[in-house]
Amino acid sequence: MFDLAKMLLSAAKFTALLIVLNTAAFAVDFDGDAKADFALFRPSNGVWYLQSDYGKGAFSAFAWGMSTDVLVPADYDGDGKTDAAVWRASNGTWYIRKSSNNEFFCIRWGVTTIHPTGGLPDVPVPADFDGDGIADLGVWRPDTGEWFVLSSAAGFRGDKPIVKTWGKLGDVPVEADYDGDGKADFAVFRAAEDRWYILNSKTGNWFVREFGRGGDLLVPADYTGDGRADLAVYRGDTWYVLNSTNGEMEPFKMGLAGAVPVPADYDGDRETDFALFQNGSWYVQESRTGALRSFNFGRTNDFPLNAVGARKSIVAVP
């Protein structure tokens with residue numbers, strides 16, 4: 001894995017590694033078939049490569065963004081399909097390619113420069129915080145622990161942001177729907193305590209849970225199919241999931257040296273599957289059948305888009 005201490009060399013490096021290589025499981029579904037696609041971004045040419053259903057579905061490729069951009073794919077137009085999107089750290093602008101009409105729009109939202117006081121740039125955290133089925137533009141400010149969200153329900157208007165203080169310097173944002181109300185909850189992981197701090201949008205109550213440890217990859221997602229994200233981490237060759245249904249910790253051994261976790265629902269049963277990407281090969285433990293499937297798609301230096309949901313638990317701070 002990358003040394004996050006080196007990210008302080010530039011705002012772009014810090015943000016890109018925190019989001020792209022740290023990454024709650026973030027399934028990309030560009031064709032809208034309710035199954036995660038095998039999707040890649042190639043930094044060398046800025047091209048997105050998409051393949052669905054283990055090569056049985058349609059293949060597509062298109063250029064979008066630059067190697068220094070932060071990848072933020074999500075459904076920003078509400079058509080049930082993932083839109084290609086990037087956040088450009090050099091100017092704090094979101095560039096989004098709508099799947100519904102192939103048009104694009106851009107919005108400036110987020111602070112990118114390192115502050116004179118030694119602070120860090122904003123971290124883009126797109127998610128559906130307002131529950132309308134459309135991803136909102138969100139950033140988390142490490143200096144203050146503040147979340148700034150442009151709500152899609154309000155037309156992404158900059159004069160009506162959702163603002164919430166949740167977390168502090170050194171935390172890692174792990175936004176996801178932990179209470180099953182269809183809205184992403186504000187949440188952070190605090191490596192100094194090995195604790196998750198989650199603010200439930202359904203009740204307004206918050207809870208703290210000690211789970212995982214510094215150095216883990218944070219991969220919260222719905223592994224049980226109950227509509228709620230489970231607390232989960234990937235460590236070495238083992239996944240540890242805190243079952244949201246019964247509160248029990250369930251380990252699952254599946255790992256490869258140097259592999260990137262890419263958990264997502266590849267079989268369409270509404271349960272997140274354990275999966276890894278390594279040197280152009282995908283390995284998926286399907287929850288529907290229990291079978292381990294492999295699929296070759298991509299190259300060694302490609303970035304799998306389903307890894308935009310596995311965040312490293314420790315970040316460097318000034």
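This is a predicted model: local features need pLDDT of at least 70, side-chain atom pairs count only at pLDDT 80 or more; totals for chains, interfaces and linings use all residues.

Residues are numbered from 1 along each chain as its sequence is written, and side-chain values use heavy atoms, with hydrogens and water left out.

**Cores**

Select Phe 38, Trp 48, Leu 71, Tyr 266, Trp 282 and Leu 305. These have the most contacts inside the largest nonpolar core, which has 31 residues. A nonpolar core here is a set of buried Ala, Val, Leu, Ile, Met, Phe, Trp, Tyr and Cys residues joined through side-chain atoms within 4.5 Å. Buried means under 20% relative accessible area, exposed over 50%, and partly exposed in between (1.4 Å probe, protein chains only).

Next, colour strand 1 (38–42), strand 2 (47–51), strand 5 (84–88), strand 21 (274–278) and strand 22 (281–285); each supplies at least two residues of this core. Strands are DSSP runs of E, at least two residues long, numbered from the N terminus.

Centre on Phe 38. Beyond its neighbours within four places in sequence, Phe 38 is in contact (heavy atoms within 4.5 Å) with residues including Tyr 49, Leu 50, Tyr 266, Trp 282, Val 284, Phe 295 and Phe 297. Gln 51 and Asp 53 are also among the contacts of Phe 38.

Then select Ala 85, Trp 87, Ala 89 and Ile 134, which belong to a second, separate core of 19 residues.

**Salt bridges**

The whole structure holds 11 salt bridges, each a side-chain nitrogen of Lys or Arg within 4 Å of a carboxyl oxygen of Asp or Glu.

Select Arg 42 and Asp 302: their closest N and O atoms are 2.7 Å apart in a salt bridge. Arg 42 lies in strand 1 and Asp 302 in the loop between strand 23 (292–296) and strand 24 (303–304), 260 residues apart. Arg 42 is buried at 9% relative accessible area, and Asp 302 is buried at 7%.

Move to Arg 190 and Asp 171, another salt bridge, with 2.8 Å from N to O. Arg 190 is in strand 13 (186–190), and Asp 171 is in the loop between strand 11 (162–165) and strand 12 (172–173). Both residues, Arg 190 and Asp 171, are buried.

Finish at Asp 237 and Lys 253, a salt bridge of 3.3 Å, N to O. Asp 237 sits in the loop between strand 17 (231–235) and strand 18 (238–242), and Lys 253 in strand 19 (249–253). Asp 237 is partly exposed at 35% relative accessibility, whereas Lys 253 is exposed at 59%.

Notes:
Helices (H or I, at least four residues) and strands (E, at least two) are DSSP runs, numbered from the N terminus.
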